[in-house]
Amino acid sequence: MFGLEQLGLLGLFIGCFLAATVVPFSSDALYIAILYATSKPVECLVVGTLGNWLGGVTTYWLGRLAKWEWLEKTFKVKRETLDKQKRLIDKYGVWIALLSWIPIVGDVISLALGFYKSPAVWTLFLLLVGKFGRFAVWTLMLS
């Protein structure tokens, strides 16, 4: 994990933040390592959740700034893929933010919710609930 586990809770925050952005790695292994190393379940839950949530918030706002043409050209995303995502967002609305904890897919969900301009307050709240739930399960299982 790039030595993040050696930074303790600060490393957990940084790692969880980056994992919820476009940096491709999962924060689960880091979370478990820090949880075991520190024996501070409440602190790990708070720090991991906040870091991962703020990373998701960043990804959401990057989605808000994105343009169709930019996504198609830079990431080679086809218009059909974007249309398919739009249909999912229209069908499930902000509730799909609860799935933002899923590795890789969750980052795409956060980006898509921003891109399709879902209501910010509800989206960000549900992102927080989803991220908290993920780390709460790990904490309960391992404490």
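This is a predicted model: local features need pLDDT of at least 70, side-chain atom pairs count only at pLDDT 80 or more; totals for chains, interfaces and linings use all residues.
Residues are numbered from 1 along each chain as its sequence is written, and side-chain values use heavy atoms, leaving out hydrogens and water.

As for the geometry of this pair, helix α3 (residues 41–65) and helix α7 (residues 120–142) pack with their axes 9 Å apart, at an angle of about 145 degrees. Helices here are DSSP runs (H or I, at least four residues) numbered from the N terminus; axes are lines fitted to C-alpha atoms over the stretch in contact, with angles from 0 to 180 degrees between N-to-C directions. On the α3 side, the residues that meet α7 include Trp53, Tyr60, Trp61 and Arg64, and their partners in α7 include Leu124, Leu128, Phe132 and Phe135; contact means heavy atoms within 4.5 Å. Sorted by class, the contact of α3 with α7 comes out at 13 nonpolar, six polar and three charged residues. Nonpolar covers Ala, Val, Leu, Ile, Met, Phe, Trp, Tyr, Cys and Pro, charged covers Asp, Glu, Lys and Arg, and the others, Gly among them, are polar.

Helix α3 also packs on helix α6 (residues 105–115), where the axes come within 6 Å and cross at roughly 40 degrees. Among the residues making the contact are Gly56, Tyr60 and Gly63 of α3, with Ser110, Leu111 and Gly114 of α6.

Then there is the inside. The largest nonpolar core has 17 residues, and Ile89, Leu113 and Tyr116 have the most contacts within it. Such a core is a set of buried Ala, Val, Leu, Ile, Met, Phe, Trp, Tyr and Cys residues joined through side-chain atoms within 4.5 Å, with buried meaning under 20% relative accessible area (1.4 Å probe, protein chains only). At least two core residues come from each of α3, α5 (79–92), α6 and α7, and α6 gives the most, with four.

Leaving aside residues up to four places away in sequence, Leu113 touches Tyr60, Ile89 and Ser118, among others. Ser118 sits in the loop between α6 and α7 and counts as buried, at 5% relative accessibility.

Note on methods
Buried means under 20% relative accessible area, exposed over 50%, partly exposed in between (1.4 Å probe, protein chains only).
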